[in-house]
Amino acid sequence: MSDNDFDVVIVGGGAVGAVLAVALEQAGFSSALIEAKRPKSFDKTADFDLRQSAVAPGPRYLLDRLGIWPRLDKSRICGFGGMKVWDAAGGDTLYLEHTAVGLPELGHIVENSLLVDCAWQKLVSTRIVSPASLADLRTDAFRAHLALDNGERLSASLVVGAEGANSPVRHAAGINTTGWHYGQRCTVGAIKPQKHHRHIAWQRFTETGPVAFLPLSDGRCSMAWHADDTLAAELNELDDLAFAERLTEASDGVLGRIERIDSRAAFDLKLLHAHRYVASRVALVGDAAHVVHPMAGQGVNLGLLDVAELVSALERGRAAGHEPGNQRYLMRYQRARMADNLAMLAATDGLKRLFGSHSALPRRARKLGTTVVARFPPLRQLMIHQATGATATDAPLTRPTR
Ligand SMILES: Cc1cc2nc3c(=O)[nH]c(=O)nc-3n(C[C@H](O)[C@H](O)[C@H](O)COP(=O)(O)OP(=O)(O)OC[C@H]3O[C@@H](n4cnc5c(N)ncnc54)[C@H](O)[C@@H]3O)c2cc1C
């Protein structure tokens, strides 16, 4: 092999692509990581990143096994032991707690930039090509050939698209997608409520979308306010003081008055699902394969579980004497992940439709929904299992280390 030939080339070094690079390196595959924007080193003196993820236990075990979790600055991450979900339309409050599934916590709130930085810091032998983007991808029976916009040419047994929702690898491989925009935006940012969050993730469903408060390690919260486009545009026009008042109202004052808005930005919400996760010498992971509504906070989790299953399939293929681009083992990866990802997509899409509706029937149904789940422990336990990723994959990398 020449210096430009690899077992695997990953395009996209966000949270999912970077963690995949670490996992492949540790599994003994030679790989290159192509990233358009090299991430800045994490600055712990800066305020919290706008993009926070609730990392569930299954993906957390993966990060632990790869040695990424121990590197995360613990003063910047916040464990949460409970989730309170209630509906503006009425019904019971749903309280999901870690003790119900025998876990020390339901998850941790982690900044995207911290996770990305710690994964990049773990890379030793991976060839990093950044800044660079994919200009052309061709595959034949033996290799995948990549041309980059910096003039470099690379070849690999397998190319992985991890470059997010607009994946050029997915386009080049001719993989179609199904998806739609929700006509909603999500405003995220750090806020200071009057009361401490008590290490609970709070979510109130309103007719225009859910308002969520995720706990931050300094006692503040990360908000995620999902709103129809019209309301989102109106909120965007407000100054911080007026926005804080509206947020206090929308959250029903559950954590008292919102005293300060420290940052905010809004994102469009959409659903996207690739019809296939694999093609000849190509695999997709993370948002390149699936974009879920963020209300259940599962985007990064699903991507990390993709990583665990893909690496597991490649290792099995290698043990049977096959190279990483072997279609049979790539299909195993697709089979292992597609059903779970589709189930999560359907669940979040269904929740969005149920809880985002103005019509009378879904209003009654959703009121009943939280009440039934709140009063029926086995159903509650099942919801926690799904939310924590505890049942999501059998890949060895997502098993607890102790
Ligand atoms: C408002 C909001 C809130 C969210 N909250 C949560 C949450 O609570 N929990 C959760 O789990 N998820 C959450 N998500 C989703 C989560 O952020 C994404 O699912 C996750 O970041 C996807 O990671 P990724 O690595 O697949 O893609 P990305 O993070 O999009 O990374 C893609 C990388 O590829 C690079 N790239 C792009 N194009 C190219 C190219 N042509 N060549 C080379 N490199 C390229 C980009 O620079 C980037 O670094 C949220 C998303 C939004 C919008």
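Me: Where is the place of R198?
Reply: R198 sits in the loop between β12 and β13 (200-206). Keep in mind that this is a predicted model.

Me: And what is phi of R198 near?
Reply: Phi of R198 is near 55 degrees. That is a positive value, and R198 is not a glycine.

Me: Next, a peptide bond. Is the one from S130 to P131 cis or trans?
Reply: The bond from S130 to P131 is cis. Its omega is near 0 degrees.

Me: Which loop holds P131?
Reply: P131 is in the loop between β8 (127-129) and β9 (134-139).

Me: Now the ligand. How many residues are around it, and which come nearest?
Reply: There are 34 residues around the ligand. Those that come nearest are G12, G14, G164, G286 and G299.

Me: Which one gives the largest share?
Reply: Helix α7 does, with four residues.

Me: How does the shell around the ligand split by class?
Reply: The shell has 15 nonpolar residues, 14 polar ones and five charged ones.

Me: Why does the ligand lie between domain 1 and domain 2?
Reply: Both domains give residues to its shell, so the ligand lies between them. Domain 1 is 5-76 + 112-179 + 271-357, and domain 2 is 184-269.

Me: Back to helices. What do you need to describe two packed ones?
Reply: You need the angle between their axes and the distance between the axes.

Me: OK, at what angle do α1 and α7 pack?
Reply: Their angle is about 25 degrees, and the axes are 9 Å apart. Angles under 35 degrees count as roughly parallel. So α1 and α7 are roughly parallel to each other.

Me: Is that crossing left-handed or right-handed?
Reply: α1 passes α7 in a right-handed crossing.

Me: Which residues meet there?
Reply: From α1 come A15, V16, V19, L20, A23 and L24. From α7 come V300, G303, L304, D306, V307, L310 and V311. By class, the α1 and α7 contact has eleven nonpolar residues, one polar and one charged.

Me: How do α1 and α3 cross?
Reply: Helix α3 covers residues 112-122. The axes of α1 and α3 come within 9 Å and cross at roughly 25 degrees. That makes α1 roughly parallel to α3. The crossing of α1 and α3 is left-handed.

Me: Who touches whom there?
Reply: A15, A18, V19 and V22 of α1 meet N112, L115, V116, A119, W120 and K122 of α3. Eight residues of this contact are nonpolar, one is polar and one is charged.

Me: Last pair. At what angle do α2 and α7 pack?
Reply: α2 (residues 57-65) and α7 (residues 299-319) pack at about 50 degrees, with axes 9 Å apart. That makes α2 oblique to α7. The crossing of α2 and α7 is left-handed.

Me: Which residues make the contact?
Reply: G58, P59 and L62 come from α2. N301, L304, L305, V307 and A308 come from α7.

Me: How does the contact of α2 with α7 divide by class?
Reply: Six of its residues are nonpolar and two are polar. No charged residues take part in the contact of α2 with α7.

Technical notes: Residues are numbered from 1 along each chain as its sequence is written. This is a predicted model: local features need pLDDT of at least 70, side-chain atom pairs count only at pLDDT 80 or more; totals for chains, interfaces and linings use all residues. Axes are lines fitted to C-alpha atoms, for helices over the stretch in contact, and angles run from 0 to 180 degrees between N-to-C directions. Helices (H or I, at least four residues) and strands (E, at least two) are DSSP runs, numbered from the N terminus. Angles under 35 degrees count as roughly parallel, over 145 as roughly antiparallel, 65 to 115 as roughly perpendicular and the rest as oblique. A crossing is left-handed if the near helix is turned anticlockwise from the far one by less than a right angle, and right-handed if clockwise. Two residues are in contact if their C-beta atoms, placed from the backbone, lie within 7 Å. Ala, Val, Leu, Ile, Met, Phe, Trp, Tyr, Cys and Pro count as nonpolar, Asp, Glu, Lys and Arg as charged, and the others, Gly among them, as polar. A residue is near a molecule or strand if its C-beta atom, placed from the backbone, lies within 6 Å of it. Domain bounds come from an automatic or database domain assignment.
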